[in-house]
Amino acid sequence: MLVVLLWVWAWLTWSNAPDQLPLHFGFSGEPTRWGPRSPLSWFGPSVLATLLAAGMGWLARWTSERPERINLPGKERLAQLPPRYHGPVNAVVRKIIGWATLETVALMGFVQWATIRAAAGEDAR
């Protein structure tokens with residue numbers, strides 16, 4: 001859902017984007033490189049958030065299929081258990097990956113927010 005909001009937000013603000021957009025931010029939060037307005041420079045954080053969310057969703061499913069793919073202490077013992085006992089561990093792993101996905105998409109949202117603010121001439125920090 002958050003990824004969809006990023007796309008909607010980028011789409012709604014695209015028509016007001018200036019000709020020059022910040023492409024890189026320094027440690028201070030100030031833009032250090034500018035470039036011409038293009039769909040990739042404006043929608044880049046949304047594209048990256050979509051790809052990362054899809055990849056992390058795939059990772060959650062892939063690790064759930066076989067417990068030996070999960071890098072956990074004692075995973076050998078888990079792998080030796082019957083599959084019906086894998087569920088609780090898989091649920092925790094999926095939850096951890098879900099939270100990491102949320103944090104990653106939120107970070108891309110922050111990058112998009114900072115880009116929009118800096119492009120408008122406002123403080124991006």
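Which helix supplies the largest share of the nonpolar patch? The answer is helix 1, from which six residues of the patch come. The model described in this report is a predicted one.

## The nonpolar surface patch

The patch covers about 1000 Å² of the surface and is made by Met 1, Leu 2, Val 4, Leu 5, Val 8, Trp 11, Leu 12, Trp 99 and Leu 102. Two helices each contribute at least two residues to the patch: helix 1, spanning residues 2–14, and helix 4, spanning residues 87–119.

Val 8 is one of the residues that make the patch, and its place is in helix 1. Val 8 has a relative accessible area of 42%, so it is classed as partly exposed, a term for values between 20% and 50%.

## The largest nonpolar core

Eight residues form the largest nonpolar core, namely Ala 10, Trp 14, Ala 17, Leu 21, Trp 42, Phe 43, Ile 116 and Ala 119. At least two residues of this core are supplied by each of helix 1, helix 2 (39–65) and helix 4.

Trp 42 belongs to this core. When residues up to four places away in sequence are not counted, Trp 42 touches Ala 10, Thr 13, Trp 14, Ala 17, Leu 21, Ile 116 and Ala 119.

## Helix 4 and its contacts

Helix 4 has 33 residues. From its first C-alpha to its last, helix 4 reaches 47 Å, close to the 48 Å expected at 1.5 Å a residue. Gly 121 follows helix 4 and has a positive phi, near 85°.

Thr 115 lies in helix 4. The relative accessible area of Thr 115 is 7%, and this residue is therefore buried, the limit for that term being under 20%. Apart from neighbours within four places in sequence, Thr 115 is in contact with Pro 22 and Phe 25. Between the C-alpha atoms of Thr 115 and Gly 57 there are 27 Å, and the two residues are 58 residues apart along the chain.

## Trp 9 in helix 1

Is Trp 9 buried or partly exposed? Trp 9, a residue of helix 1, is partly exposed, with a relative accessible area of 29%. Setting aside neighbours within four places in sequence, Trp 9 is in contact with Gly 109, Gln 112, Trp 113 and Ile 116.

Trp 9 and Gly 109 are 100 residues apart in sequence, while their C-alpha atoms are 9.5 Å apart in space.

## Gly 35 in strand 2

Strand 2, which comprises residues 31–36, contains Gly 35. Gly 35 has a relative accessible area of 2% and is therefore buried. With neighbours within four places in sequence left aside, the contacts of Gly 35 are Asp 19, Gln 20, Leu 21 and Leu 23. Among these contacts, Leu 21 is also a member of the largest nonpolar core.

Gly 35 and Lys 75 are 40 residues apart along the chain, and 48 Å separate their C-alpha atoms.

## Arg 66 in a loop

Where is Arg 66 found? Arg 66 is in the loop between helix 2 and helix 3, the latter spanning residues 75–80. With a relative accessible area of 44%, Arg 66 is partly exposed.

Note on methods: Residues numbered from 1 in each chain as written. Predicted model: local features only at pLDDT ≥ 70, side-chain atom pairs only at ≥ 80, totals over all residues. Heavy atoms only, no water. Patch = residues over 30% accessible without salt bridge, like charges linked within 9 Å, V, L, I, M, F, W, Y side chains within 5 Å. Areas by Shrake-Rupley, 256 points an atom, 1.4 Å probe, with all protein chains shown as cover. Salt bridge = Lys/Arg side-chain N within 4 Å of Asp/Glu carboxyl O. Helix = DSSP H or I, 4+ residues; strand = E, 2+ residues; numbered from the N terminus. Buried < 20%, exposed > 50% of the residue type's maximum accessible area, 1.4 Å probe, protein only. Core = buried A, V, L, I, M, F, W, Y, C linked by side-chain atoms within 4.5 Å. Contact = heavy atoms within 4.5 Å. Expected span 1.5 Å × (residues − 1).
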